[in-house]
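Please read the following points with the model open beside them.

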Amino acid sequence: MQENISINIQKVKIAVTIPRNSTQKLRDAICNAGAGIIGNYTYCSSSTKCLGTFIPNNNANPHIGKCNHLEFVEEDRLEVVCDIKNVKTVLKALRDTHPYEEPVIDIIPLLDESLFLSLIHI
């Protein structure tokens, strides 16, 4: 028997890469804008060290490096959860704070685990 499943997205994960020396400033900005709230906890985030690469073209105004040259930058991938109602404000804070001309921002819809618990038939 097939069940009808209704999915209502209430939260997303926002992930962005940023130069390591700018991570805390960005974390402050997006958490103060309403990201990183999980239950009774605020300022919830995670960061993972990574290596970013890019080549700015002649029309770019790079924060790091120079045009037409392959750059390698030690970055953090900063991740937070965010209620849908706060996404617009959080993204504005992120863009206003991030040093890059074109930050890579992932917005990933999150499913509530209760959806899966209701599918388990014991």
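1. Which residues have the most contacts inside the largest nonpolar core? They are I14, L26, I30, A35, C82, V90 and L94, in a core of 16 residues. A nonpolar core here is a set of buried Ala, Val, Leu, Ile, Met, Phe, Trp, Tyr and Cys residues joined through side-chain atoms within 4.5 Å, buried being under 20% relative accessible area with a 1.4 Å probe and protein chains only.

2. This is a predicted model, in which local features need pLDDT of at least 70 and side-chain atom pairs count only at pLDDT 80 or more, while totals for chains, interfaces and linings use all residues. Residues are numbered from 1 along each chain as its sequence is written, and side-chain values use heavy atoms, with hydrogens and water left out.

3. Two or more core residues come from each of β1 (11-19), α1 (23-32), β3 (71-83) and α2 (87-97), and α2 provides the largest share, five residues. Helices (H or I, at least four residues) and strands (E, at least two) are DSSP runs, numbered from the N terminus.

4. The open sheet has four strands in the order β2-β3-β1-β4, with antiparallel pairing, where a pair requires at least two DSSP bridges. Because β2 (46-54) and β4 (105-110) stand at the edges with a single partner strand each, one side of each is left without a neighbour in the sheet. Between β1 and β3 there are nine bridges, and T17 has R77 in β3 as its bridge partner.

5. C82 touches Q10, K11, V12, I14, A35, V87 and V90, leaving aside residues up to four places away in sequence; contact means heavy atoms within 4.5 Å.

Technical notes: Buried means under 20% relative accessible area, exposed over 50%, partly exposed in between (1.4 Å probe, protein chains only).
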